[in-house]
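Hi there,

Here is the structure I promised to pass on to you. Please have a look at it first, and then read my notes below.

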Amino acid sequence: MNAMMRRAVIATAAVSMALSMAACGKAGSDKKDSAASGDNKSIGLLLPENASSTRYESFDRPFIEAKVKALCADCKVLYNNAEGSASKQKQQFDTLIAQGVKVIVLDAFDATSTQAWVKEAAAKGVKVVAYDRLATGPVAAYVSFDNEKVGELQGQALVDALAGKAADANVVMINGDDADPNAGQFKAGAHKVLDGKVKKVVYEQSGEWKPTVAGQKIGAAITELGKDGFQAVYSANDGMAGAIITQLQGAGIKVPVGGQDAGLDAIQRIVNGDQAYTIYKAYRPLADNAAELAVALLQGKDVKSVATASVDSATDKGIPAKLLDPKVVTKANINDTVIADGLYKAADICTADYAAACATAGLK
């Protein structure tokens with residue numbers, strides 16, 4: 001090959017390489033622009049904890065993931081659990097934004113701390129659906145139950161469990177975490193009923209949504225009031241109720257105790273006569289509505305076809321909301337509630353330890 005031909009080949013190769021590199025650069029640029037524009041199909045899901053309630057891993061997460069997939073086949077859910085840490089949840093929230101997620105379903109561990117997060121996210125075009133707890137800040141939508149109504153149902157169920165003895169009954173209240181706005185609403189609703197129908201609330205503390213703390217608090221109540229100093233215990237949820245019942249049984253005390261969440265262990269305690277009631281907040285419609293709101297926001301649609309109500313938070317007003325109705329579960333209506341809805345099968349509840357109690361209760 002003569003010199004002229006070699007120079008021609010080299011020049012051609014150089015042009016080819018330059019074009020190839022330019023094409024690669026353009027492809028990389030397009031990819032970056034695509035991520036920046038947020039046209040991905042990912043929805044963030046942040047749940048608060050997995051210690052005091054099994055519901056988040058057993059129901060909320062899989063139901064939301066399934067509904068998102070049904071509504072948007074090529075969408076995916078990026079999931080994290082805060083494991084009871086507000087700081088950990090903030091890191092998870094920031095990571096989702098860095099990944100280019102444009103919609104986040106947030107069940108805030110500490111709803112009072114989220115205002116700055118949500119405001120910063122909104123400034124970047126990231127929409128937040130407040131799930132179960134009403135996070136502070138400019139959330140795009142909210143889905144939950146009527147939480148004050150939950151508390152009212154809890155209070156009335158405790159009165160019903162006391163039967164004709166309510167007017168002479170002293171009650172111990174172990175509430176949820178003071179940082180959780182839901183806990184305040186449950187408490188307010190319960191007081192609305194109890195304050196007019198029982199003798200007195202003689203001891204009231206926060207159990208912080210932690211069974212160990214709730215167990216310690218009921219122990220302190222027993223020490224302060226004596227074994228005969230109270231006739232019923234209000235517990236804000238089932239996880240705490242389980243620890244409370246264990247402490248009461250250890251002290252030889254038998255009084256009505258109620259909870260919330262309709263956990264399987266709580267249903268078994270109800271069948272066995274250890275727990276008086278729970279509050280069933282059907283997880284599937286809650287999760288389905290959250291998924292519908294998230295996908296609508298991802299697709300740029302108006303959420304008001306789903307969010308038919310509105311609520312005010314501590315920081316913002318007129319937030320589009322979907323509020324669902326809770327139900328009381330007692331031994332008398334297990335068949336008609338959690339079994340009828342397919343939350344549990346009778347076989348799930350009626351393990352060997354509870355077979356006799358199930359037969360008496362007529363579970364099927």
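Helices (H or I, at least four residues) and strands (E, at least two) are DSSP runs, numbered from the N terminus. Counted that way, the chain has 13 helices and 13 strands. This is a predicted model, in which local features need pLDDT of at least 70 and side-chain atom pairs count only at pLDDT 80 or more, while totals for chains, interfaces and linings use all residues. Residues are numbered from 1 along each chain as its sequence is written, and side-chain values use heavy atoms, with hydrogens and water left out.

Of the 364 residues in the chain, 50% are buried (under 20% relative accessible area, with a 1.4 Å probe and protein chains only).

Now for a sheet. Strands of a sheet pair through backbone hydrogen bonds, either parallel or antiparallel. Here, four strands make an open sheet in the order β7-β6-β8-β9, and the pairing is parallel (two strands pair if DSSP finds at least two bridges between them). β7 (200–206) and β9 (257–258) are at the edges with a single partner strand each, so one side of each has no neighbour in the sheet. Strand β6 (residues 170–175) pairs with strand β8 (residues 232–235) over four bridges, and Ile174 has Ser235 in β8 as its bridge partner.

Finally, a helix pair. Helix α5 (residues 147–162) packs against helix α6 (residues 181–197) at about 40 degrees, with the axes 7 Å apart (axes are lines fitted to C-alpha atoms over the stretch in contact, and angles run from 0 to 180 degrees between N-to-C directions).

Enjoy exploring!
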